[in-house]
Amino acid sequence: MIIAAGLSPAWQQILEVSSLETGEVNRCQSAQWTSSGKVINVGIAVRHLGTPCETIYPAGGFARELISNELEQLGVSSCVIPQQTPTRVCTTILDRSTGKTTELVENAQPITAEELAAFKTEYLKHLKSAQVVVLTGSLPAGTPSSFYSDLIAETHCPVILDARGPELEAALEEKPFLVKPNHEELERTLMTKLADTETLIKGMQEINERGATWVVISQGKDTLWATSREHVYRFTPARAEVVNPIACGDSLAAGIAVALHRGKPVPAAIRRGMAAAADNLTQLLPARLSEKRMQTFYDQIEVEQIT
Ligand SMILES: O=P(O)(O)OC[C@@]1(O)O[C@H](CO)[C@@H](O)[C@@H]1O
């Protein structure tokens, strides 16, 4: 099975507006609530791809029950660590006139040392049956930046890590299998501008040298790059109608995890992940993937081995 684990779920509102005017009263065309945040999105995506998965997350306040109920309805097997502070609320605004998406992201509320210890106990318990792990999402304020590296140190199967800042840096020391920072984050980690393809690839391979077996940089509808110490791959994404882009990165991670779990080699797994991301784009609710729809996108994705 796969484990999706993270500390920052969200109760997410998705609003469609015909045209967003800041500073004005905007009336919505549609409004939906759903369970989200990176860890939940990955759990939902893996479930839709039919691979057994345990989604481990803390939750508190009114959203705890709402998220649990929705995940149960979706058949997402989950392990919730009760948290004193309430689960955050995030808002996605989809402006149908410009096609732009606005995200209002509340940071995850602090989590206590006891809650973190309970999280780790559950993680280690489920780890025994896991073949692939996805660790994902921002850390609540005050969480030690060694949080992910401590978990990776205990994990003896491939870890896909979606993290930023000091927690990403610390995690590299424990050699995660695959990291997927965005372009900006990579620049921040390396403290240098990566303005062209050559410097970008160099930067990615520096992260390979620092410990990540694979580095993946996705750039929306533009080229996705993947590097290991020895290899560089260029992927051209499929074209998809954009309904809601939120959770594309999570669908990418989930698609890669599922393909690795099925024994696919990394380039093929990344291609699967990209098909999942493309499919996610076409749905209003995050991570509601369909393997059947994904196949069309998979066939359109071009993969080129550069070195
Ligand atoms: O970066 P974080 O704080 O972990 O998550 C922020 C967030 O944008 O990520 C998800 C999409 O990936 C959304 O559900 C959520 O609002």
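These notebook entries record what I looked up in the structure above.

**Basis.** I worked from a predicted model, in which local features need pLDDT of at least 70 and side-chain atom pairs count only at pLDDT 80 or more, while totals for chains, interfaces and linings use all residues. Residues are numbered from 1 along each chain as its sequence is written, and side-chain values use heavy atoms, with hydrogens and water left out.

I first consulted the UniProt record, an unreviewed entry, which annotates residues 17–282 as "domain: Carbohydrate kinase PfkB". UniProt positions are given in the numbering used here, feature names are shortened, and annotations may be inferred rather than shown by experiment. Over residues 17–282 I noted 40% helix and 23% strand, with the end C-alpha atoms 17 Å apart. Helices (H or I, at least four residues) and strands (E, at least two) are DSSP runs, numbered from the N terminus.

**Helix α5.** Is helix α5 buried or exposed? I found α5 (residues 165–172) to be largely enclosed by the rest of the structure, because six of its eight residues are buried. Buried means under 20% relative accessible area, exposed over 50%, and partly exposed in between (1.4 Å probe, protein chains only). The buried residues are G165, E167, L168, A170, A171 and L172. They pack against α4 (147–153), β9 (159–162), β10 (178–179), α6 (183–190) and α7 (197–210).

**Helix pairs.** I next examined α6 and α7, whose axes come within 11 Å and cross at roughly 65 degrees. Axes are lines fitted to C-alpha atoms, for helices over the stretch in contact, and angles run from 0 to 180 degrees between N-to-C directions. The crossing of α6 and α7 is left-handed, that is, the near helix is turned anticlockwise from the far one by less than a right angle; right-handed is the clockwise case. H183, L186, T189 and L190 of α6 meet residues of α7 including L200, G203 and M204; contact means heavy atoms within 4.5 Å.

I then turned to α9 (residues 266–281) and α10 (residues 291–300), which pack at about 115 degrees with their axes 8 Å apart. Their crossing is right-handed. Among the residues making this contact are A268, R271 and R272 of α9 and E291, R293 and M294 of α10.

**Cores.** Which residues touch the most other members of the largest nonpolar core? In this core of 52 residues I listed I2, I160, F235, I256 and I270. A nonpolar core is a set of buried Ala, Val, Leu, Ile, Met, Phe, Trp, Tyr and Cys residues joined through side-chain atoms within 4.5 Å. Apart from it lies another core, of 40 residues, among them L135, F147, L190 and I217.

**Cysteines.** I counted zero disulfides, a disulfide being a pair of cysteine sulfur atoms within 2.5 Å. The sulfur of C90 is 16 Å from the closest cysteine sulfur, in C248, too far for a bond. C90 is buried at 3% relative accessible area, and C248 also counts as buried, at 16%.

**Loop residues.** G61 lies in the loop between β4 (53–59) and α2 (62–74) and is partly exposed, at 44% relative accessible area. K175, in the loop between α5 and β10, has a positive phi near 60 degrees, though not a glycine, and is exposed at 57%. A247, in the loop between β13 (232–236) and α8 (248–261), has a positive phi of about 85 degrees and is buried at 7%.
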